[in-house]
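Please look over the structure shown here together with its sequence before reading on. The briefing is meant to be read beside the coordinates, one topic at a time.

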Amino acid sequence: MAQALLEALNLQVHYGGIAAVKGISFAVEQGEMVCLIGANGAGKTSTLKALARMIPSRGEIHYGNRRIETLPSHELIGKGLALVPEGRGVFARLTVAENLLMGAYHRNDANGIAVDLARIYDLLPRLKERSSQVAGTLSGGEQQMLAIGRALMGRPKLLLLDEPSMGLAPLMVQKVFEVVQKIAAEGVTILLVEQNARLALEVCSRGYVMESGLITLADSSVALLADSRVRTAYLGE
Amino acid sequence: MKTNRERFGLALIAIALIALPFVLASVGTAWVRITNFAVLFTLLSLGLNIVVGFAGLLDLGYVAFFAVGAYVYALLASPHFGLHLPFWVILPIGATVACIAGVVLGAPTLRLRGDYLAIVTLGFGEIVRIFMNNLSSPVNLTNGPKGINRIDPFQIGPLNFSASDSFGGLVFSGPIKYYYFLLLVLLAVIIINRRLQDSRIGRAWVAIREDEIAARASGINTRNIKLLAFAMGASFGGIAGGMFAAIQGFVSPESFILNESIMILAMVVLGGMGNIWGVVAGAVLLSFVPELLRYTVEPAQKALFGKLLVDPEVLRMLIFGLALVLTMRFRPAGLWPEMRHRRELDQDRA
């Protein structure tokens, strides 16, 4: 097995007395695209938030060759770990361009930032057309693209994507996933949390299935798509 | 670059502001005092605007920092402790103490937003007032509800701010001297605010206001940036408080009730949250309109009906409330809103 870029060991998340994530272990290797699938309330988003240090958790989180569970969330982007939050969290009253520039807040290489901005406009031409428009007035899909674009402005090595398909029209979901695949093709490692299991497994090489706070299945996407339990529970067959 | 027309406009405004106290003094010295309080409240509104307008943290106890500044001045420049430090020493001390108070309020409320934050800040404001009211025993620190009297006015060399001087035929009364001093401080505060707004810190405040998780994911240290908003807002409140104590010559807990916090917040919201010039307009308007009503309601009623039908104080609050309601109905983002806010509202309508 190659060196894991991200590894969680016995990760637990509690809200008050309620355990949302009950001790899970998993790994994402450099250059991989892995998904975490499962039903509503399975603990997928809590897992992702814990990895991005947005909420407190127990257990170990290894990133690169260091432990990150004691780091504050705002330091992670500088280390190449970017979160695209659930529900598209864009800065609604800032323009598209201002949103993208916020993604480079921790950087101070003006030239590099300009290069990356141009690169993101190439990848997401829709954002270029709307660069001076206020983000709150974009469509849901465009906002999702913007959130992804903003995360890319931090030049991440690892992108944590939280439910990018949530609340989007099917056509838009396709477009968002095409973009995600392009980003992966450029060498960015991706951990994707999705309710849309079929779509997630189709684009990822491996997957973990979460059920009430625990990982119940871990396998290659091909195997999971063929698994009868996955087919009945998540693929509606 | 500024055009000639803009320069001309600015020069006109400057001349008007410099000439203003003499024009007002010819009507009555009371109007110079009213103007001074309007400038004082503009300073407070600009301070609160950092917290509420820039960083989006609803603070209902802002008057506490005003109180801290005022009491620091009162204790260090009055017969109460027999201390008589000069104002240029006390004002920075007051700002620092208020700044610490801001961090003390900010630190435990970092995880709170919206209504919850509003309730805690409201409580904080009341706690400060009640402390001032009760810290008269066992050690008499604040002199309790009686307040502190005979506070020193500003003194620069031979220039005493409580006495009149005349230069070249012009009489500079105490309030006029305070007016010029306040105007200078206001100018400095406006410049600082504008710099802050366009800075990295200003952008971080906006990001926190819009979406805190996204802000953290973008690498913003939300804890420090929020504390900075509380601390900066509080410092401005502390400076305003010190000047208030000197101008009044007297402070008591009564001046720092919840109503004052709400009034300052109303100035910020009515003027246009986040926009410096909007906040200035809101503060000036809400400072003057009640005073104008005070002076016109009674004579107007006497002239119309021959007698006083409605108590001026009642009518004043009624008209004041009506003005607020109408503003929020027809200009929900304030009289002179921040660009971003207006942009969003316009596009929603389109």
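What follows takes up the interface between the chains, then the cysteines, then some points of backbone geometry.

The model is a predicted one. Between them, chain B and chain A bury about 2,300 Å², and 57% of that area is on carbon and sulfur atoms. The structure holds zero disulfides over all chains.

**Interface between chain B and chain A**

- In terms of residues, 25 of chain B are in contact with 25 of chain A, and in chain B the residues that lose the most area to chain A are B:Glu210, B:Arg216 and B:Ser218, which together account for 24% of what that side buries.
- One salt bridge is counted between chain B and chain A, and a salt bridge joins the side chains of A:Arg93 and B:Glu210, with an N to O distance of 3.9 Å.
- Seven residue pairs, both members at pLDDT 80 or more, are in polar contact between chain B and chain A.
- On the side of chain B that touches chain A, the elements giving two or more residues are helix H7 (200-210), helix H8 (212-217) and helix H13 (339-349) of chain B, and H7(B) gives the most, with eight residues.
- By class, that side of chain B has ten nonpolar, five polar and ten charged residues.

- A:Cys35 is in no disulfide, because its nearest cysteine sulfur, that of A:Cys204, is 4.1 Å away, whereas a disulfide requires the sulfur atoms to be within 2.5 Å.
- A:Cys35 counts as buried, at 0% relative accessibility, whereas B:Cys99 is partly exposed, with a relative accessible area of 24%.

**Backbone geometry**

- Most residues other than glycine have a negative phi, and most peptide bonds are trans.
- The peptide bond that joins B:Ser137 and B:Pro138 is cis, with omega about 0 degrees, and B:Pro138 is found in the loop between helix H5 (114-134) and strand E3 (155-156) of chain B.
- A:Arg53, a residue other than glycine, has a positive phi near 60 degrees; A:Arg53 is found in the loop between helix H1 (44-51) and strand E4 (58-63) of chain A, and is buried, with a relative accessible area of 10%.
- A:Glu163 is likewise not a glycine and has a positive phi, of about 45 degrees; A:Glu163 lies in the loop between strand E7 (158-162) and helix H6 (170-185) of chain A, and counts as buried at 4% relative accessibility.

Definitions and conventions:
Residues numbered from 1 in each chain as written. Chains lettered and ligands numbered in written order. Predicted model: local features only at pLDDT ≥ 70, side-chain atom pairs only at ≥ 80, totals over all residues. Heavy atoms only, no water. Buried < 20%, exposed > 50% of the residue type's maximum accessible area, 1.4 Å probe, protein only. Contact = heavy atoms within 4.5 Å. Buried area = accessible area lost by both parts, 1.4 Å probe. Salt bridge = Lys/Arg side-chain N within 4 Å of Asp/Glu carboxyl O. Polar contact = N/O pair within 3.5 Å; in protein donor to acceptor, adjacent residues only side chain to side chain. Helix = DSSP H or I, 4+ residues; strand = E, 2+ residues; numbered from the N terminus. Nonpolar A, V, L, I, M, F, W, Y, C, P; charged D, E, K, R; others polar.
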